[in-house]
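What follows is a short report for a reader who meets this structure for the first time.

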Amino acid sequence: PTYLVNSLKSENFNIFASAASVDAPGEYDLEVVALPVDTNKGYEVLKVVPSTVKVSFDYIDTKEFTVKALAEGVTASEGLIAENSVVSSAESDTITITGPRTVLNRIDSVVAYTKVNKTLSASQTFDAAIKLYDKNIKEVSTENLTLSATKVKVTVPISKKNTVSVKVAF
């Protein structure tokens, strides 16, 4: 009946895609089936659109990576030197990532990135987001990955620069 069909909502259906035919990693088109939650309501499902869904299956692995620090836009005041940024000593410089094997194998480097754009006169610590890159320095999406940390602290050490005259004595 029209009044019944017009009152239906997504809660009135259970949607399934059977993975019974999946026996190896890869992409599969699985058939979508919709069934009424209550079969005694007087309606039936005639068609599901889309009738298939593309699903990717892979092995799940865990890998540990060393985190490199990158503080962009750091300059030092006159007479000082901004050294290479490092992951703060209170933080771990390694990260554990769990996810699909094909994605983990694409990761070439893990970077703790922060945009500073400041002139510093003393060492300073900043919050940095974890970014993943492949060998072509293209960012790898963290979708479907579990990271042991998504943010770390990065320290930019500032050292004093001085010129000293040297005399040779024999």
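The protein chain exposes about 12200 Å², and carbon and sulfur atoms supply 50% of it; such areas come from the Shrake-Rupley method with a 1.4 Å probe, and for residues only the protein chains shown count as cover. This is a predicted model, in which local features need pLDDT of at least 70 and side-chain atom pairs count only at pLDDT 80 or more, while totals for chains, interfaces and linings use all residues. Residues are numbered from 1 along each chain as its sequence is written, and side-chain values use heavy atoms, with hydrogens and water left out.

Two helices and 13 strands make up the list of elements in the protein chain (DSSP runs, H or I of at least four residues for helices and E of at least two for strands, numbered from the N terminus). Along its principal axes, the C-alpha trace spans about 105 × 40 × 25 Å.

The structure holds five salt bridges, each a side-chain nitrogen of Lys or Arg within 4 Å of a carboxyl oxygen of Asp or Glu. Three of them are included here:

| Pair | N to O distance |
|---|---|
| Glu-27 and Lys-54 | 3.9 Å |
| Lys-54 and Asp-29 | 3.6 Å |
| Lys-153 and Asp-127 | 2.6 Å |

Lys-54 lies in strand β3 and Asp-29 in strand β2, so their pair ties together parts that are 25 residues apart in sequence. Lys-153 in strand β12 (residues 151-156) and Asp-127 in strand β9 (residues 124-133) are 26 residues apart. Through shared partners, salt bridges join Glu-27, Asp-29 and Lys-54 into one network.
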